[in-house]
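The structure under discussion is shown here.

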Amino acid sequence: MKKTRFIFPAVLALVLAGGCHTLEDSANVEAVANMDEKSMTFSSKLSQRETGKNFFQVMLSDMLEYVPERHGTGKLLQMKSEDEEEEEKSLTLEQKSLITEYMDAYFESMADLKLRDPSMLFAEPKGVQAAGNRAVWEYLIELRKMQSSDLTLVHYEYELFCRQGGWGRQEEEIEEDGKVRVIAIEKSIQNFTEFPETDAESAAVYHQFTLVKTLDGWRIESHMQMDTLYIVLFLEGDSHNMREYLQSSFPEDRGKEYIAQRLETLLRDAKEEISVRREHSELVEDEKDDMAAPDHPYDREAAVAYAMEWVGKRNEEWADYGRYGGNCQNYVSQCLFAGGIPMDPYGDSLWKWYSDIPNNRPGTYGRSASWSAVESFRDYAENNTGFGLTAQAGAPYYSGDIGDVLEIGTADNPLRHSVLITKVIKDQDGNTIDYLVCSNTSDLKNFPASAYFYSSQALVKILGWND
């Protein structure tokens, strides 16, 4: 059932909100655009906006429109510049509403797995940037529809911390061309229909928007979400590079064709991967582990407790490799270590972290590649004999338990990412249908493995360790 929304309180809040705030002070910050069941949603279609109307005229006309019930809430917050001496540039009300409308369209699309096409929010609705962002959403929607779990959302909440500027060196490269560059950090909680009482948390998703003024008002020239999904969809196996994409110079003549082909390939691969995984599940009872029992058990509860404690932050006793390709395997290795698996500094297979210095030679110093790299850890789990970890790599997918490891990726690169299982989801007959996982880079807590954008997933069953 549809209902009208009274928007004057929201407009007033938007006009009065402002100021610069740090992420640490986010609890005390005024919401720039806080949408809930009693407030405005900025849901007017850009295609219906008339040239010549100012922003408030458009909002006034939208007051009389009926809008569908929303599945969640979101707000955009101002983030303080990294340079304390730099004068903060606040986004205008129209710029804030544009970004908010983009984020709302994304989360609503994920909520019922029905696409809200973001193309009209872009300066070039038929251009490669609009096509690329739409393709990412289409991929996630179709991938989630393929799963056994019901991955629609009963509720979501997000916060987007924004400021003008760029990440790192990009800050120095920004030109005075009238465009507005915005970097943002997204935090969200999603409640999936399959397990509505569980808060699936995402702690840090990075965005970069470039906004441009057009005859119809502010529009998005380009958007990149700093996670592997965008890289996989746009750049995998192709000569396009990240700088081209971020600078919106992704070649128009071949870019859209490439994106369409890549989307088709990823969805076809995903369908095959999921089918194989389901067939593999039938082997759970027939393929009993015939490996010898380990000398020492694995403390799964301790591993999960560590995972839950450090999922949204970093333990300063260990290095953080987030800027060097990802911290995921480093985080998983720390979890296994917390679960009692000892470092293995000697022999043909090594798994160790005594310092941040790379070292793949025997000895109690340095860091082996297997500690922080997904593929190298897989090699260790498969090949180690004697002292140290004993595991079953490539175990039947649905035979996992808490504390086990999932190695995930795409069909053309299956070992991209590593996560730790924190909960096993079973159906009414007691059959495993999904896992909740924790991960670093991106930081996800109690997130469904099936909702990941990686379709290729393999189980590494941790058994314990030997003397």
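N446 is buried, with a relative accessible area of 16%, and has its place in strand β11. The model is predicted, and the points below are grouped by topic.

**Backbone geometry**

- The phi angle of N446 is near 55°, a positive value in a residue other than glycine.
- Most residues other than glycine have a negative phi, and most peptide bonds are trans.
- T441 also has a positive phi, near 50°, and is found in the loop between β10 and β11.
- With a relative accessible area of 34%, T441 is partly exposed, because this value lies between the limits of 20% for buried and 50% for exposed.
- The peptide bond from T441 to S442 is cis, its omega being near 0°.
- S442 has its place in the loop between β10 (432–439) and β11 (444–448).

**Strand pairing**

- Strand β7, which covers residues 388–395, is mostly covered, with 6 of its 8 residues buried.
- β7 and strand β12 (residues 456–466) run antiparallel and are joined by 7 bridges.
- Within this pairing, A391 stands opposite I462 in β12.

**Salt bridges**

- A search of the whole structure finds 17 salt bridges.
- One of them joins the side chains of R262 and D412, at 3.3 Å from N to O.
- This pair links distant parts of the chain, 150 residues apart: R262 is in helix α8 (residues 252–281), and D412 is in the loop between β8 (405–410) and β9 (413–426).
- R262 counts as buried at 9% relative accessibility, whereas D412 counts as partly exposed at 44%.
- The side chains of D401 and R300 meet in a salt bridge of 4.0 Å, N to O.
- Because D401 lies in the loop between β7 and β8 and R300 in helix α9 (residues 300–310), the pair ties together parts that are 101 residues apart in sequence.
- D401 counts as partly exposed at 33% relative accessibility, while R300 is buried, with a relative accessible area of 15%.
- D404 forms a salt bridge with K461, in which the closest N and O atoms are 3.4 Å apart.
- D404 lies in the loop between β7 and β8 and K461 in strand β12, so this pair ties together parts that are 57 residues apart in sequence.
- Both D404 and K461 are buried.

**Surface charge**

- E157, E197, D199 and E201 form a negative surface patch.
- Of these residues, D199 has its place in the loop between β3 (180–192) and β4 (200–214) and counts as partly exposed at 34% relative accessibility.

Methods
Residues numbered from 1 in each chain as written. Predicted model: local features only at pLDDT ≥ 70, side-chain atom pairs only at ≥ 80, totals over all residues. Heavy atoms only, no water. Buried < 20%, exposed > 50% of the residue type's maximum accessible area, 1.4 Å probe, protein only. Helix = DSSP H or I, 4+ residues; strand = E, 2+ residues; numbered from the N terminus. Pairing = 2+ DSSP bridges. Patch = residues over 30% accessible without salt bridge, like charges linked within 9 Å, V, L, I, M, F, W, Y side chains within 5 Å. Areas by Shrake-Rupley, 256 points an atom, 1.4 Å probe, with all protein chains shown as cover. Lys, Arg positive; Asp, Glu negative; His and termini not counted. Charge placed at Lys NZ, Arg CZ, Asp CG, Glu CD.
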